[in-house]
Amino acid sequence: MQEINFNAIIIEASAGTGKTHWITEEFIKLLGEENPASDIRKILAVTFSEKASIEMKTRILEKIYKEIFPKLSDHKKVELENAILKIRISTIHSLCRWLLKRFAFYKGIDPFFTVIDKRESRIFFYRAFNRFLGDKNSDTIIPLLNRFKLQFFEKIVFSIIEKHPYTTIGTPKGELTEQITSITRYLSEIVEKMKQELSVLDFNDLEIMTHNILSETPEALMILEDFDEKNNFIFVDEFQDTNLIQWRIIYKLVEEWLSGYGAKAEAGKPYGIFLVGDRKQSIYKFRGAEGNVFDEAKKVLNIYCAERKLLKNYRSAPEIIEFINDVFQDTYPWTEEKLSLGLEVKVPSCIEINLIDEKYNENAKDKEYEWVLGKVFELIDSKKQVWDKRIKGFRPIEFKDIGILLRKKAGKKFPVLERHLKEKGIPFVVPGGIGFYQEQEIIFLLSLVLSILDPSDMYSLWNLSSSVYHINPDRVYQWRDIIKKKELVEVIEEVLSELNFWDGLSTQQKANVEKFLIIIEEWQGSPLYTISRNLRTMMLSDEEPKADIFSEHQNAVRVMTVHNAKGLEFPAVFLINIEDGKVNITEEKIFYRKTEGETPYKFILKKEADEEYGNEFKKILEEEEKRILYVALTRACQYLFISGIKKDSIWIKMLENFQSRFPATTVCKKSIVEEKTESVKYNKKYLFKNLRFAGILTSYTEEKKEGLYHYEKTILGDIAHKLMYDISEGIIQDKDTYIKRAKFYMKKVNFEKNKRMADILRNIYETIERIPELKKISEKREDGLSEVPFIIEVENKIYTGFIDRIIIREDVCYIYDYKMEDYKVERFKEQMDIYEKAVKKMFPDKDKVKRYIVFLKSGIIKEI
């Protein structure tokens with residue numbers, strides 16, 4: 001074999017070491033002065049995500065226009081600009097799509113196929129599963145249902161399907177695993193036929209078909225020769241996030257280069273591949289990513305391979321770099337890849353660790369989040385200085401400089417955090433937040449669309465009639481007539497306009513509605529029953545992300561999982577809920593592990609796995625948990641705050657010994673109140689924009705002082721307060737509507753058969769009607785506000801909550817607080833003192849405040 005001019009460069013770039021900068025520099029070096037336009041056409045760069053692709057493209061173009069473009073003649077400038085328009089920096093899936101479209105006839109697929117996302121792909125599998133259950137498969141299903149309930153059987157099947165297919169095309173181990181695997185493969189065959197009929201492919205199809213066309217078709221050599229002719233160099237970014245099938249696609253593309261044959265080898269031209277990443281940041285095993293893909297790459301690239309490690313960190317302050325090195329000092333491969341300081345500017349920094357010695361309960365989380373958000377305000381109020389790379393100077397920290405990172409968003413903790421953020425008045429966004437179909441505005445839209453599409457859907461009709469819009473069936477029938485003449489999405493937009501639906505929606509809610517309309521529009525031309533079926537299928541998913549309203553220009557705290565934060569950096573990072581940094585093996589349905597050879601994985605149902613197999617799989621997941629922690633810590637530039645409940649977890653064990661070295665300091669609470677009270681205006685649209693779809697609006701005060709006031713937290717009280725709110729907003733104007741609304745709220749909390757509760761609620765309405773003064777207080781009026789949010793500091797303690805009713809007449813603010821039972825009013829004096837201080841902050845131009853307790857059962861009104 002002749003000597004070839006081929007080079008393989010593997011760069012292991014630790015966090016914050018300027019990986020993109022290095023790629024940009026190497027890319028520019030490949031562009032010669034004689035013909036850069038021709039050179040740029042011969043370079044292919046593959047990234048892990050669209051965001052990374054855009055960032056790399058931006059960096060490279062900036063460099064080209066700064067360093068190369070000015071030196072060129074006018075003619076070559078035109079050529080280079082034309083070449084730049086076609087610069088090939090894309091994701092691996094875009095590359096696969098291009099290859100399949102170009103050589104579709106070899107695979108026998110429609111070259112005009114469209115690519116569907118995970119959401120649409122899931123719909124196909126749900127249809128296939130329902131078809132499978134409906135077919136005559138009793139001999140297959142019944143033995144399995146003797147061992148599993150149908151719902152659990154469905155979860156296992158979809159657990160296998162949701163895994164990256166490369167982890168389950170290997171060898172199933174165990175009789176039960178083989179049985180269920182045969183079902184999932186049968187389902188895949190059904191789905192494959194469905195997708196062929198519609199000429200669609202999902203992301204997994206792109207990978208598998210590309211690999212097959214390069215490996216198994218007789219025409220593979222022609223495809224590779226075509227690729228060889230068009231490409232001299234390949235860059236692969238975020239290589240640690242590459243799964244094995246993606247790596248084998250890339251390897252197939254350069255395999256001929258290694259052989260020493262081909263036009264480039266014969267001409268002696270330089271060519272090669274650059275693999276850039278960090279195995280310590282490989283955190284996508286659930287997508288099939290394998291950090292040890294580096295070892296496989298080194299093995300096959302062999303004698304042509306040159307390695308380099310980037311360890312100088314240009315992101316973080318010295319204190320944070322030293323801390324990270326100490327946390328991982330006994331863990332491989334960190335023992336051999338310690339970070340060193342690259343930041344030339346001396347920046348202020350701090351680390352605080354707050355581990356709460358309490359078993360998990362809601363109060364412990366409240367305590368943690370109060371500390372976290374207190375620290376957020378402390379950073380803002382004290383105008384902590386952050387180094388801004390764009391202006392190359394210091395400036396005061398802003399909310400957008402702060403990232404709150406979590407291991408996961410699922411479970412009960414995240415709603416508690418959201419509640420605290422809203423109550424404290426902290427602006428925040430949740431990029432990639434899940435639970436789209438559980439949002440109240442989307443539930444309403446689903447009911448609206450399904451009631452129009454499906455005349456038999458009485459439940460959706462009932463939801464509409466019970467909503468704040470009181471939509472009766474006659475209106476729905478009218479909309480059904482319109483849909484015969486117009487597209488569904490057009491009808492829905494007209495209905496929303498007719499209802500003034502957009503008024504008062506928050507930014508997130510508006511974005512969610514827009515996303516919903518886009519989903520509907522994608523099905524334009526489909527039969528209405530198909531759209532209805534698709535919606536019902538998608539409603540089952542609790543993983544659909546909310547609409548992304550993230551913008552780097554928004555001055556808001558970013559709340560996200562560590563996985564979503566990968567590739568980002570923040571001047572200040574709050575890593576919270578660190579007790580979640582652990583392996584929960586009970587959540588896993590199947591165990592799998594990589595093996596040598598062409599069959600890459602062996603997998604088995606957890607139910608059949610022996611202890612040794614289970615422990616081995618658990619160890620793999622534990623190693624990934626350490627890498628996830630590393631990614632989280634390395635997002636911080638200057639300020640790092642860590643908090644959680646002391647429990648048995650991997651992260652706690654790795655961090656608890658550092659608490660004495662970096663102790664949590666007491667929160668300084670000055671100025672917190674101004675952040676909230678300044679934003680509370682005498683504006684109903686503002687006050688209610690986040691309450692419109694909130695279900696049962698509970699009026700209560702969360703006292704932080706023990707023993708201040710034991711509030712009656714009963715379902716009855718919640719419903720009574722919501723009904724009072726509906727009366728004050730004009731939603732309820734007569735007894736029939738009141739009773740319907742009461743039944744609606746009772747049904748929502750499964751109390752619809754509680755006759756005693758229904759009687760009490762009915763008596764409250766009769767009491768209001770009987771007592772003129774009470775009716776005047778509760779009825780809709782221009783000078784009245786209901787469920788008014790507040791935050792106030794009293795004697796170094798923070799109080800937040802909602803004031804039931806405020807009426808403003810001339811220079812006097814009248815405060816009313818609703819209670820169910822009659823008590824001595826002196827019992828509520830301290831509470832009303834707090835309310836009075838909050839109201840004076842909200843309305844400083846009012847001279848007087850008068851306070852009243854309204855006892856709803858008796859109708860007694862007492863001044864306090």
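In helix α16, which spans residues 318-327, the residues Ile320, Ile321, Phe323, Ile324, Asn325 and Val327 are buried, where buried means under 20% relative accessible area, exposed means over 50%, and partly exposed lies in between, with a 1.4 Å probe and protein chains only. These buried residues of α16 pack against β10 (312-313), β11 (340-341), β12 (350-356), α26 (611-633), β21 (636-645) and α27 (650-655), a contact being heavy atoms within 4.5 Å. Helices (H or I, at least four residues) and strands (E, at least two) are DSSP runs, numbered from the N terminus.

The model is predicted, so that local features need pLDDT of at least 70 and side-chain atom pairs count only at pLDDT 80 or more, while totals for chains, interfaces and linings use all residues. Residues are numbered from 1 along each chain as its sequence is written, and side-chain values use heavy atoms, with hydrogens and water left out.

Taken as a whole, the protein chain has 34 helices and 27 strands, and of its 864 residues 55% count as buried. Among the contacts in the protein chain with a separation of 6 or more, 78% are made by residues 24 or more positions apart. The accessible surface of the protein chain comes to about 40100 Å², of which 49% belongs to carbon and sulfur atoms; accessible areas come from the Shrake-Rupley method with a 1.4 Å probe, and for residues only the protein chains shown count as cover.

Helix α16 also carries a charged partner for another part of the chain. The side chains of aspartate 326 and arginine 661 meet in a salt bridge, with 2.9 Å from N to O, a salt bridge being a side-chain nitrogen of Lys or Arg within 4 Å of a carboxyl oxygen of Asp or Glu. Because aspartate 326 lies in helix α16 and arginine 661 in the loop between α27 and α28 (672-677), the pair ties together parts that are 335 residues apart in sequence. Arginine 661 counts as partly exposed, at 38% relative accessibility.

A search of the whole structure finds 58 salt bridges. Another of them joins lysine 309 and glutamate 337, whose closest N and O atoms are 2.9 Å apart. This pair links distant parts of the chain, with lysine 309 in strand β9 (residues 305-310) and glutamate 337 in the loop between α16 and β11, 28 residues apart. Lysine 309 is partly exposed, with a relative accessible area of 39%, whereas glutamate 337 is buried, with a relative accessible area of 5%. Lysine 29 counts as exposed at 60% relative accessibility, while glutamate 26 counts as buried at 16%.

The loop between α16 and β11 also holds proline 333, and a cis peptide bond joins tyrosine 332 and proline 333, with omega at about 5°. Elsewhere the backbone has a positive phi of about 55° at serine 199, although this residue is not a glycine. Serine 199 lies in the loop between α10 (175-198) and β6 (200-201), and serine 199 is buried, with a relative accessible area of 16%. Histidine 470, likewise not a glycine, has a positive phi of about 50°; histidine 470 is found in the loop between α20 (458-465) and α21 (473-482) and is partly exposed, with a relative accessible area of 30%.

Lysine 285, in the loop between β8 (271-277) and α15 (293-301), is buried with a relative accessible area of 8%, and, not counting residues up to four places away in sequence, lysine 285 touches Glu290, Tyr592, Ile620, Leu621 and Glu624. Valine 449, in helix α19 (residues 440-453), is buried with a relative accessible area of 0%. With residues up to four places away in sequence again left out, valine 449 touches Leu488, Ile492, Phe516 and Leu535. The C-alpha atoms of valine 449 and isoleucine 520 are separated by 9.5 Å, although these residues are 71 residues apart along the chain.
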